[in-house]
Amino acid sequence: MSINVVPLRKILELEHEKGYVDSAVIGGLDRFLRRWAGQAIESITNPQLLSQFHRLQLVDSNYASLTKQQRKEWANRVFVFLSELEKGEVKLPKEGIVPSSPVARGQRVVASQSINSPITALRGVSTSLAAKFNRLGVKTIRDLLYFFPHRHLDYSQRKYISQLTEGEEQTIMANVWQAQVTMLGGRRGTEAIVGDETGNVRVVWFNNPYLARKLSTNTRIVLSGRVSLFGGRHVFESPEWELLEDRELIHTGRLVPLYPLTQGLRPRQVRKLMKQVVDQWAWQVEDFLPPELRRRCHLFDLPQAISQAHYPEDEAAKDGARLRLAFDELFILQLGVLGRKHDWQESQPGNPFSAKTAVLDVFLSTLPFELTSAQHRVLGELLADLEKPRPMSRLLQGEVGSGKTIVATSALLVAAANGYQGAFMAPTEILAEQHFANVCQLMSRAGHQVAGEDNLRSYSGLLSHPLTVALLIGDINQARKQEIQQRITSGDIDIVIGTHALIQKEVEFHHLSLAVVDEQHRFGVAQRSALRQKGFNPHVLVMTATPIPRTLALTLYGDLDLSVIDELPPGRQVIKTKWLKPAQRDSAYAFLRRQAAEGHQAFIICPLVEESEVIEAKAAVAEYQRLSREVFPELRLGLIHGRMPAVEKDKVMHRFRSGELDVLVSTPVVEVGIDVPNATVMLVESADRFGLSQLHQFRGRVGRGQEQSYCMLLAQNPSEIGRERLDLIEKIQDGFQLAEEDLRLRGPGEFFGTRQSGLPDLRMAKLSDVALLELARSEAIRLFEIDPGLEKPEHHLLAKELAQVWQKGGEWS
């Protein structure tokens, strides 16, 4: 071990001469230390020396934030350490051990380390072992405590050898009569005979010859595992084993944890380390939940919950631990979103509108249809929000075709009537163009178009000045784009529709007061926040056509109020849906061909490949070529997949919308909300791989016109859950009912296809646990009303935990 201490000593001596003003090195001492310590730490192999290194905070120093006196004291400690290091006399403090208490077996207090120390500070954890844990997201002792097993094996039911039955998990305590290395299946393994007062049983371990040396005659052993019959006799095959010594069992004879593993980590090794860490550290975790809340909700103390989550005494203790830890996750999550909503709505006032505008009545009276009662209700909720002095923050859910755009356009019109600007933002250019066309069509019915170009229209007869609507997307030439941007800045344009181009630096609004964001799940928080910053605290309306169960919406979008258009316009057609077996593929192709011959169009969705978008794209290209050459040579086919540039995707979509293509072959990226009224057939390959909500979204791509539409679902060999999903989608047309079923069948992690980016980890909580979710939400609201800033002394630990979890998870939704 050789650490070059000279550079650090010179820098510290210079810092001492300059009076500890952090000017000894360009960029500050913290920056230098990160570089020096990063190199030095690689040559340290002694875990105790490593611990000393971390205690001095050489790796993650915070020198800049210390007072001069604190800097001086810290530098003196480092000087002493460097001197001892140079002489090879580093004095390493010993761990202080306190006697076991009745509460915690093996509880030890380690004064020199903290729960946030790296795991290399633990005895027996080398840098190479730490690197393997790092791959699983475990870096500190705290991370290890929250590294929960994904399940437990029940080895707690002890039996005598005479009671053994094949096929079940069972545990015995026995004496080893003999153990030897033997050939098992052509490879060396261990064979043993063990016995208790009721009989003997044979035990074999494949590929484990070393075990024979450990199992000496007359050793007491505990075995847990499955028993099989071989030649009419019971045999334990590769069971878990443990020598029966004067200590607590870890691998056998209890509920045994199974932890997530990665290459190079072995189950026994991880269990042994986890037992040591839990016994030593769980009792030092500070409980951040207020005692009154814990008592009211009948929750375990946090140290007890962590300990029982890893090594539970029984099933009841395991359930109690899960309940407490799941509550913590949901409670912290709710406090985070409530805090975000509070900051947004209370930090600065919004712009209250007058919603009683004559122009809205005129606009609604010129629509070619009556609003549904659900649309009237939701519009009322929006207008009530817009009249308040605090900015609206609302999520509008509604199925494809439920009329969300009408409601959003009404709100944008009210903003314009109050002298403000509105922005309408879509995730793709083709959707932005679709919204622009729809909004302009609605405005032309209510007013008279007085000026019109490709991406700029003005209408008289609505306001005291012509109402101007603009489309701003990346596809517009630079000169035209600059002209539109200048007119937005001057306030000439009332409603701007576009993509993320709206939040680029060049776009400055005159007075943005309402922002509508379409298809929220395609649109991160950073973009949403950037759009808000374009105006003085604008009202925000977020829209999604993805039906989300209420419990999930309250969690994922807890910072938004919820409105739901749960009614489709009258006369909306039912799309005939059929699950087909592989043998019916040719008849499905023939049906599609007949529809195309009648002048209709079709979608074909290629299978989902979760492992890789690259593989998915390659498979889609191969399927497109097969269909073009062998199945539909007489039809015009197009292809889109996730690896194509956005411009290319848009070109293909435009060709399909304009009728230049008969069939669109696509990976699951097919745009939500794309309106192709002439498309009547949706054919989904490997439909059992998709969730109900996603299948329902695909189905919603057809049935936009007057003609009867069809959805055909091909599935090769679906699992039991896959079959249940396909049966449900055949019978149920209601997206919200399907979303509830989807959540029940798949759980929230898969509900969105991918994990919501930035969402604080939910290790224990299940979003399908409605009762616990609602309890956590009601407790979070209750606490928030009493102490929104968590400033009371009894809430300081909670505030610290909240900051830590949300800082790690980032902003999300």
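1. Cysteine 606 is buried, with a relative accessible area of 2%; buried means under 20% relative accessible area, computed with a 1.4 Å probe on protein chains only, while exposed means over 50% and partly exposed lies in between. The model is predicted: local features need pLDDT of at least 70, side-chain atom pairs count only at pLDDT 80 or more, and totals for chains, interfaces and linings use all residues. Residues are numbered from 1 along each chain as its sequence is written, and side-chain values use heavy atoms, without hydrogens and water.

2. Cysteine 440 also counts as buried, at 3% relative accessibility. The number of disulfides is 0, a disulfide being a pair of cysteine sulfur atoms within 2.5 Å.

3. Serine 666 belongs to strand E21 (residues 663–666); strands (E, at least two residues) and helices (H or I, at least four) are DSSP runs numbered from the N terminus. Serine 666 is buried, with a relative accessible area of 0%. Leaving aside residues up to four places away in sequence, serine 666 touches Ile604, Ile605, Cys606 and Ile640, where contact means heavy atoms within 4.5 Å.

4. Strands E10 (residues 421–425) and E15 (residues 512–518) run parallel and are joined by 5 bridges. The bridge partner of alanine 423 is alanine 515 in E15.

Definitions and conventions. Two strands pair if DSSP finds at least two bridges between them.
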